[in-house]
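Visitor: Before we turn to the details, could you take me through how the features of a model like this one are to be read?

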Amino acid sequence: MAVEALPPIVGLPFESNYIRSIVRVSLSVSLTAVVLSTLVSLPVALAVGFTEFRGKGLVTAVINTGMGFPSVVVGLVVLFAVSNEGPLGALDLVFTPQAMVISQFVLATPVITGVSLAAVTGVEGSIRDAAYAMGGTRLDVALVVIKEARFGIATAVLAGFGRAISEVGSVLIVGGNIAYADGTAYTRNITTAITLEARQGRYETAMFLGAILVAIVLLVNAVVGRLGGGGRR
Amino acid sequence: MTIQRRDFLALAGGTATAGLAGCTGMFSGGEEESGGNNESGSDGGSIAGQELVLATTTSTYDTGLLDEVNAAFEENFGTPVQAISQGTGAALETARNGDCDVVMVHARSQEDEFMRNGHGINRRNLMFNDFVIVGPADDPAGIGGGGDAVGAFQAIAESESLFASRGDNSGTHTAERRIWEAAGVEPGGEWYLETGQGMGDTLNQASQQGAYTLSDRGTFISQQDEIEIEILVQGPVEGGPEILANPYGVLAINPAVHGDVNYQLAMSYIGFLTSPEGQQVIEEYELDGQQLFFPQALSEDPNFQQYVPEGWQPDDGEGGGNATGE
């Protein structure tokens, strides 16, 4: 949708189809990774947030450390995993968009889990107690907490999306930055395309792609912010 | 809880959010596109959904030759080529992991080692161009106009003029080390900068810092409008010394070592590139009116050395499959 909304590019030294397909790869890979990551992160955040166990502090620390994990290292590890010589080699994932989804999933999950966990634990005990007192089951209480923590969780998803769509180190390694001869991107997303264009000295194209990336992040923030503003009333 | 809410809003950098709804909406849009994209990637128009993965050097990609050749291959065989452009060392490493089907590189010593280790098979000479020594117009080491690459490197080292090295085990880096060796210089010190990046990046950095560097002619031509350095020592294409020759080879990944590779398609690719049609595409590819690569595969005279490691002899004890046996 954001892709179709791009204005026709006239008089610029590059193909609009090339740019469109790059943006499409970025959006589809990062959105898929963030949705999958959210599906995993939320239950984990709720489970950790709701239960008391030995080593909970350690688990939280590990999650928070994961937020700052260097993306090139993630890329290397994922490459070794999906390489034909690696444990997942039979799935034939190396240099595919799916491999990019995996590495962005790994990068986004600690962010979404960590921020959601903070949001969930931030919900005041009195609200939980009230939900229990009103005869709620564990599920009911969880739903109440999610409702109370929804802004924090949304922030978490947003932060995960920001981490996923703007990182370049891992997707360059596992995706291979492939575009076909006709200029259709396969595993080339906005960030890897920027490194390539800069390498070739085509700074205009690189700058243009950079502007699109910033615009996407701002747009998502704005859309989410609008919804959030409505929900606050 | 209003307070907690504010905390999180602050965390978002003042952005109020209700992201799940928004993100799922966007996701469904993105997913449709992703589906379409994957189809065109694996099925659309290709032979029985086959894919050919090529690991190659930055120079073939950055000059634009690769798109030209691969478009012609796709037209003939209906299979799109997925090209990963790395340095020669990295491309061969990708191949060693069985992650590509065919490699096109330009460092004979590394190709030979790759074949000796059993990873590569059916190597062909593909094309050549040459390296040029480029540097700032004011030429602090005074190497301009000379036809002596080794002497130029010695002069650069003696005057300690800035030199930008690829430093990435690429074909160009391999050639550079060969020249330093011939010059009897062990490069190092503050004047010797390793960029660790592709040729394009390295040319940009050399231009900005007023450094000398060794470049393949193709990448230099494709970028000369953007940079402030010029050719100071020509390669053999323009009558320069033979040590600046830059031959490209293409070889298939050995399917007996890496069972997952698409060997038949790899051989189709090699077959196309070394055919009169493929060689013509290379011959006719021009940038700014200049031919960048010179085809080398067609010859009436047999050249057996292109199939084996350089200098290989049946009796040198390495040919496990040769007729004499051991």
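**Reading the features**

Guide: In this predicted model, Arg96(B) and Glu93(B) form a salt bridge whose closest N and O atoms are 2.9 Å apart; a salt bridge here is a side-chain nitrogen of Lys or Arg within 4 Å of a carboxyl oxygen of Asp or Glu. Residues are numbered from 1 along each chain as its sequence is written, chains are lettered from A and ligands numbered from 1 in the order in which they are written. Local features need pLDDT of at least 70 and side-chain atom pairs count only at pLDDT 80 or more, while totals for chains, interfaces and linings use all residues, and side-chain values use heavy atoms, with hydrogens and water left out.

Visitor: How are Arg96(B) and Glu93(B) placed in helix H5 of chain B?

Guide: Helices (H or I, at least four residues) and strands (E, at least two) are DSSP runs numbered from the N terminus. Arg96(B) and Glu93(B) are 3 residues apart in helix H5 (residues 88-96) of chain B, so about one helical turn separates them. Glu93(B) is partly exposed, at 39% relative accessible area, where buried means under 20%, exposed over 50% and partly exposed in between, with a 1.4 Å probe and protein chains only.

Visitor: How many salt bridges are there over all chains, and which residue of chain B does Arg199(A) pair with?

Guide: The count over all chains comes to 8 salt bridges. Arg199(A) pairs with Asp62(B), the closest N and O atoms being 2.8 Å apart. Because Arg199(A) lies in helix H9 (residues 190-199) of chain A and Asp62(B) in helix H3 of chain B, this pair joins two chains. Arg199(A) is buried, with a relative accessible area of 11%, and Asp62(B) is buried as well, at 8%.

Visitor: Are Lys56(A) and Glu52(A) buried or exposed?

Guide: These two side chains meet in a salt bridge of 3.3 Å, N to O. Lys56(A) is buried, with a relative accessible area of 14%, whereas Glu52(A) counts as exposed at 68%.

Visitor: What joins the side chains of Ser59(B) and Thr57(B)?

Guide: A polar contact is a pair of N or O atoms within 3.5 Å; within protein, one must be able to donate a hydrogen and the other to accept it, and residues adjacent in sequence count only if both atoms are side-chain atoms. Such a contact, of 2.9 Å, links the side chains of Ser59(B) and Thr57(B). Ser59(B) belongs to helix H3 (residues 58-62) of chain B and is buried, at 2% relative accessibility.

Visitor: Which residues make the nonpolar surface patch on chain A?

Guide: Patches are made of residues with over 30% relative accessible area and no salt bridge, like charges being joined within 9 Å and nonpolar side chains (Val, Leu, Ile, Met, Phe, Trp, Tyr) within 5 Å. Phe69(A), Val72(A), Val73(A), Leu76(A), Val77(A) and Phe80(A) make a nonpolar patch of about 540 Å². Val73(A) sits in helix H3 (residues 71-82) of chain A and is partly exposed, at 35%.

Visitor: Which residues form the negative surface patch?

Guide: Glu204(A), Asp225(B), Glu226(B) and Asp288(B) form the negative patch. Glu226(B) lies in the loop between helix H10 (217-223) and strand E8 (229-233) of chain B, and is partly exposed, with a relative accessible area of 42%.

Visitor: How many helices and strands does chain A have?

Guide: Chain A has 10 helices and 0 strands, and 54% of its 233 residues count as buried. Its C-alpha atoms fill a box of roughly 65 × 45 × 25 Å, taken along the principal axes.

Conventions
Areas by Shrake-Rupley, 256 points an atom, 1.4 Å probe, with all protein chains shown as cover. Lys, Arg positive; Asp, Glu negative; His and termini not counted. Charge placed at Lys NZ, Arg CZ, Asp CG, Glu CD.
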